[in-house]
Amino acid sequence: MSFRKSLDEEVAAGLNEQICIEASAAFLYFSMASWASVRGLTGMAKWFRAEAAGELTHMNLFVDYLNDRDHQAKFATIEAPACEWDSPVEAFDLVRTQEHKLLQRMNDLIDIADKHNDHLTQSFLTQFVPQQIADTAGADDVHDRLTLVGSDGHGLILIDQELGHEADAHG
Ligand SMILES: [Fe+2]
């Protein structure tokens with residue numbers, strides 16, 4: 001059986017758009033990793049790099065899925081990410097916003113697939129959901145912990161170490 005042009009155009013467009021969204025998310029994390037790296041926050045830098053790699057893995061899965069369904073994946077320009085934050089808590093405020101948007105986006109894509117009765121695409125998308133929920137909760141946690149330590153350098157160093165260990169464990 002051929003899958004040729006088996007995706008509805010709206011579904012294919014939504015999946016293709018996700019390529020840029022994942023790439024943009026990765027670029028923001030790469031940018032944050034560099035920001036953290038030059039500020040001595042080596043654990044945080046490692047954590048951001050691991051997140052960036054995760055987003056690129058997601059991007060590849062969308063590229064493969066489109067190509068496997070005979071809809072050639074297309075690539076568009078992505079905007080340059082932000083590169084300056086006043087503090088780690090400010091950076092993580094943006095991380096939190098981004099992860100919540102990514103979670104909402106998964107829901108929206110599943111909605112589009114559902115509208116077209118596309119159970120295969122729904123099944124493909126479902127694989128991202130548990131991890132995206134965990135990433136969203138994780139980003140909220142780090143943001144809350146950074147808010148708790150405020151300007152306490154010792155607290156920040158501890159969180160930095162924790163993030164480094166977390167990146168090592170999942171790396
Ligand atoms: Fe992602």
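Which residue follows α2, and is its phi positive or negative? The residue is aspartate 70, and its phi is positive, near 65°. The structure is a predicted model, and its secondary structure comes to six helices and zero strands. This briefing begins with the whole chain, turns to helix α2 and its partners, and ends with selected individual residues.

**The chain as a whole**

- From the N terminus on, the elements run α-α-α-α-α-α.
- The C-alpha trace spans about 60 × 25 × 25 Å along its principal axes.
- The chain has 171 residues, of which 29% count as buried.
- Among contacts with a separation of 6 or more, 77% come from residues 24 or more positions apart.

**Helix α2**

- Helix α2 covers residues 42-68, which makes 27 residues.
- The buried residues of α2 include Trp47, Phe48, Met59, Phe62 and Leu66.
- Lys46, Glu51, Glu55 and His58 are also among the buried residues of this helix.
- These buried residues pack against three helices, namely α1 (9-37), α3 and α6 (153-170).

**How α2 packs against α1**

- The axes of α1 and α2 are 8 Å apart, and the two helices pack at an angle of about 165°.
- Angles over 145 degrees count as roughly antiparallel, and α1 and α2 are therefore roughly antiparallel to each other.
- The crossing of α1 and α2 is left-handed.
- The residues of the contact between α1 and α2 comprise 21 nonpolar, five polar and four charged.

**How α2 packs against α6**

- The axes of α2 and α6 come within 7 Å and cross at roughly 35°.
- The crossing in which α2 passes α6 is left-handed.
- On the α2 side, the contact is made by Thr42, Gly43, Met44, Lys46, Trp47 and Ala50.
- On the α6 side, the residues in the contact include Asp160, Leu163, Gly164, Ala167 and His170.
- The residues of the contact between α2 and α6 divide into five nonpolar, five polar and four charged.

**Two loop residues with positive phi**

- Aspartate 70 is found in the loop between α2 and α3, and its phi near 65° is a positive value in a residue other than glycine.
- Aspartate 70 has 13 other C-beta atoms within 10 Å, so it is partly exposed.
- Asparagine 117 lies in the loop between α3 and α4, and its phi is near 55°, again a positive value in a residue other than glycine.
- Asparagine 117 counts as exposed because it has 9 C-beta neighbours inside 10 Å.

- Aspartate 118 lies in the loop between α3 (88-115) and α4 (119-126).
- Aspartate 118 is partly exposed, because 19 other C-beta atoms lie within 10 Å, whereas a residue needs 20 or more to be buried.
- Leaving aside neighbours within four places in sequence, aspartate 118 is in contact with Asp8, Val11 and Ala113.
- Aspartate 118 and alanine 12 are 106 residues apart along the chain, and their C-alpha atoms are separated by 11 Å.
- Aspartate 8 is found in the segment before α1, and it touches His116 and Asp118 when residues up to four places away in sequence are not counted.
- Aspartate 8 has 16 C-beta neighbours inside 10 Å and so counts as partly exposed.
- Aspartate 8 and aspartate 141 are 133 residues apart in sequence, and their C-alpha atoms are 38 Å apart in space.

**Tryptophan 35**

- Tryptophan 35 lies in helix α1.
- Tryptophan 35 has 19 other C-beta atoms within 10 Å and is therefore partly exposed.
- Not counting residues up to four places away in sequence, tryptophan 35 touches Cys83, Trp85 and Ala91.
- The C-alpha atoms of tryptophan 35 and arginine 145 are separated by 19 Å, although these residues are 110 residues apart along the chain.

Definitions and conventions: Residues numbered from 1 in each chain as written. Predicted model: local features only at pLDDT ≥ 70, side-chain atom pairs only at ≥ 80, totals over all residues. Helix = DSSP H or I, 4+ residues; strand = E, 2+ residues; numbered from the N terminus. Buried ≥ 20, exposed ≤ 12 C-beta atoms within 10 Å, placed from the backbone. Contact = placed C-beta atoms within 7 Å. Expected span 1.5 Å × (residues − 1). Axes fitted to C-alpha atoms, helices over the stretch in contact; angles between N-to-C directions. Parallel < 35°, antiparallel > 145°, perpendicular 65-115°, else oblique. Left-handed = near helix turned anticlockwise from the far one by under 90°. Nonpolar A, V, L, I, M, F, W, Y, C, P; charged D, E, K, R; others polar.
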